[in-house]
Each structure stands twice: as C-alpha cells, then as structure tokens.
Amino acid sequence: MEYRRLGNSGLKVSVLSLGSWVTFDTQVDNDMAIECIAAAGDAGCNFFDNAEAYAAGKSEEIMGNAFRELAWPRWSYVLTTKIFWGIHGNTPNMSNTLNRKYLMQAIDGSLERFQDDFVDVLYCHRCDPETPMEEIVHAMSEIISHKKAHYWGTSEWTADEVRSAIDIADRYGLHKPVTEQSQYNLLERRKVEKEFARITADFGYGNTIWSPLASGLLTGKYKDGIPEDSRGALSGYEWLQGRLSDDEVIARVEKLRPISERLDCSMAQLSLAWATKHEMVSSVITGASKVEQVVQNFEALDVIPLLTDEVMDEIDAAIAK
C-alpha cells in the first residue's frame with residue numbers, strides 16, 4: 001500500500017480507501033461491514049469514509065459498530081464523515097445548511113453514532129450559499145479546537161468557495177480546510193483536472209475522490225443491461241439508470257476491455273489504478289457490497305505500476321468521445 005499526504009497536511013492516507021455510500025445498511029449489514037472493513041485493513045487501507053446522510057445515519061452506526069467489534073487501536077486508522085444534508089427531514093436549521101447551530105449539533109450526532117470522541121477529517125458535504133463563509137470557517141475551526149475533528153475539508157465545493165474559506169482562515173488565524181472530495185473517474189474529469197488545478201498548485205489542496213468506477217459503469221457489468229443485484233437496480237437509485245444504460249458511454253467503456261485483458265486485470269482494477277495516477281489525488285475511495293469486491297478492488301494496487309505513460313495515453317484515447 002502507498003500512503004500519501006492529505007493535501008498539505010502531515011496526515012498520511014492510503015491511496016486506496018473504503019467508503020460506505022450506498023452499501024452500508026442498503027446492501028451491507030453489520031456482519032458484512034466488519035468483514036469488508038477487515039479485508040480492507042488487511043490490504044493496508046487506513047482511510048474509511050462515511051457521511052451522516054448515508055442511510056440517514058445508519059451507515060455511521062454500522063461503521064462505528066464494526067470498529068468496536070474489530071477492536072482496532074484508534075490510532076491505527078483514519079475515520080472521516082461529512083455533514084450538510086442532515087437526517088431530520090426539512091426541519092429548519094437542521095438540513096441543507098452549514099450554519100453554526102447545525103454544524104455544532106451535527107458533529108455531536110455523528111460522534112454519537114460512531115461511538116467515538118473524534119473524527120480525523122470532517123467534510124462539509126456541500127457549500128451553503130445562505131450561510132456567510134466566515135460563519136462556516138469559524139465553526140469548523142472551533143470543532144477542531146474542541147478536538148472533535150483533527151482536520152476539515154470540503155466536498156463538491158467550487159474552487160472559488162474553497163479559496164474564500166482559505167482566505168478567511170488565513171485572515172483570522174483559523175484552521176484551514178485541507179482537502180476536497182470530488183467525483184473523479186475516467187468519465188468525469190473536469191473538476192479535478194481543470195477547476196481545482198490552480199487551488200492544488202497554490203495551496204497543496206488534497207482530494208479524496210469518490211465514484212472512481214462511475215457507479216459501477218467502468219466495471220463493464222452494464223454492457224448487457226442492469227443486473228438485478230447491482231446498484232443501478234436499487235430502490236431510490238433510479239436516477240442512475242439513464243447513465244448506466246447510455247449506449248454511447250457503454251461503447252466507450254468497452255474500449256477499455258482489451259487494455260485490461262492485456263494487463264491481466266479487470267476493468268474495475270484498471271479504472272481504480274488510473275485514478276491513483278493523478279498527482280492531485282490523495283486517496284481513491286472504493287465501495288463494495290461483498291468481501292470479494294473489497295479484495296478485488298485492492299488488488300488494483302498491483303496494476304498501478306503497469307500504467308506507464310504509454311498505457312495512460314492508450315486509456316485516454318480509448319475513453320475519449
């Protein structure tokens with residue numbers, strides 16, 4: 001396993017990590033969560049990602065229970081979560097906001113569900129245009145000062161929003177955000193490669209990217225339709241079906257198959273390895289509903305050295321529109 005600094009912080013995170021979006025509670029129960037986390041740990045993973053909105057808090061509960069059962073020393077892994085959407089419906093001040101009241105109560109709720117005293121990284125799951133940036137930065141910095149989190153970051157913020165938060169933190173001597181969490185994969189590249197390029201150059205801003213397999217599209221399993229046991233068939237995820245059934249996109253993805261076969265790896269492993277190659281990426285967050293998927297995903301570590309400049313060019317040419 002390779003460990004990279006999280007942005008310009010001193011925190012080291014595994015280049016492949018494990019997240020719980022969609023899977024925990026929806027597809028993974030407590031026992032399976034323990035097995036999946038254990039398998040990731042066996043592969044050297046030390047970074048585990050969550051969010052209060054995942055399964056309305058149940059995902060945090062399941063992950064917290066898993067760590068209690070595994071009895072790993074708390075210093076041995078990095079635990080992260082994200083707050084913004086809330087879990088209390090449309091209650092004023094408790095959903096779709098980053099106001100101070102919400103932030104202070106949301107972190108306490110997450111820690112209670114995790115059965116923990118702190119998270120290592122706390123992300124603002126989206127930006128909140130209705131709350132002054134000074135209020136957001138002051139509150140997030142105070143959470144760190146109160147030792148409820150060690151670092152804070154952003155998820156799907158714009159580069160301008162991140163720059164504003166950093167400028168305010170500098171102005172008042174507050175804790176700065178150190179990392180973004182953006183969608184990044186072979187089919188979705190603009191934000192990481194274009195929009196955030198200057199932020200990374202200027203501040204060393206990190207990125208723990210999500211959806212590296214484009215919700216499974218890059219595995220190649222949707223070429224003959226949507227399998228019944230796949231994410232695309234889950235209740236509540238019907239919004240994915242249009243993308244997963246796009247003939248033009250599927251045809252582009254299929255052009256990766258000969259490359260993966262030549263390298264003796266799966267299309268998923270090829271796509272995960274590709275995502276690690278970008279210098280702005282601190283960690284690639286994987287997901288899995290089975291232990292076998294965890295093992296297979298982390299075997300992408302063996303593919304990374306095979307991706308020479310020539311192979312990377314070949315991949316770019318294959319996936320291009």
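1. In this predicted model, eight strands close into a barrel in the order 3-4-5-6-7-8-9-10, and the pairing is parallel. Neighbouring strands of this sheet are turned against each other by 30 degrees on average, with direction ignored.

2. Strand 6 and strand 7 pair in the parallel sense over five bridges, and the bridge partner of Leu-122 in strand 7 is Trp-152. Helix 4 lies across strand 6 and strand 7, and runs at about 150 degrees to strand 7. Helix 11 packs on the sheet as well, where it touches strand 3 (16-19), strand 9 (206-209) and strand 10, with its direction making about 150 degrees with that of strand 10.

3. The length of helix 4 bears checking. Helix 4 comprises 13 residues (residues 133-145), which at 1.5 Å a residue should span 18 Å, and because its end C-alpha atoms are 18 Å apart, the expectation and the model agree. After helix 4 comes Lys-147, whose phi is positive, near 65 degrees.

4. Which residues of helix 4 are buried? They are Met-133, Ile-136, Val-137, Ala-139, Met-140, Ser-141, Ile-143 and Ile-144. The elements that cover these buried residues include helix 3 (100-114), strand 6 (119-124), strand 7 (149-155) and helix 5 (159-172).

5. His-278 is found in the loop between helix 11 (267-276) and strand 10 (283-286). Its relative accessibility is 16%, and because buried means under 20%, His-278 counts as buried. A polar atom of the side chain of His-278 lies 3.1 Å from the backbone nitrogen of Met-280. If neighbours within four places in sequence are left aside, His-278 is in contact with Arg-4, Tyr-184, Val-192 and Glu-193.

6. The aromatic pairs in the model come to a count of ten. Trp-21 and Trp-210 form one that is edge-to-face, at 5.7 Å centre to centre and with 85 degrees between the planes. Trp-21 lies in the loop between strand 3 and helix 1 (30-42), whereas Trp-210 lies in the loop between strand 9 and helix 8 (241-244), so the pair ties together parts that are 189 residues apart in sequence. Trp-21 counts as partly exposed because its relative accessibility is 24%.

7. A further aromatic group deserves a separate entry: Phe-48, Phe-67, Trp-72 and Tyr-77 are linked into a cluster by ring pairs.

How values were computed. Residues are numbered from 1 along each chain as its sequence is written. This is a predicted model: local features need pLDDT of at least 70, side-chain atom pairs count only at pLDDT 80 or more; totals for chains, interfaces and linings use all residues. Side-chain values use heavy atoms; hydrogens and water are left out. Helices (H or I, at least four residues) and strands (E, at least two) are DSSP runs, numbered from the N terminus. The expected span of a helix is 1.5 Å times one less than its number of residues. Buried means under 20% relative accessible area, exposed over 50%, partly exposed in between (1.4 Å probe, protein chains only). Contact means heavy atoms within 4.5 Å. A polar contact is a pair of N or O atoms within 3.5 Å; within protein, one must be able to donate a hydrogen and the other to accept it, and residues adjacent in sequence count only if both atoms are side-chain atoms. Two strands pair if DSSP finds at least two bridges between them. Axes are lines fitted to C-alpha atoms, for helices over the stretch in contact, and angles run from 0 to 180 degrees between N-to-C directions. Rings of Phe, Tyr and Trp (its six-membered ring) pair if their centres lie within 6.5 Å; planes under 30 degrees apart count as stacked, over 60 as edge-to-face and the rest as tilted.
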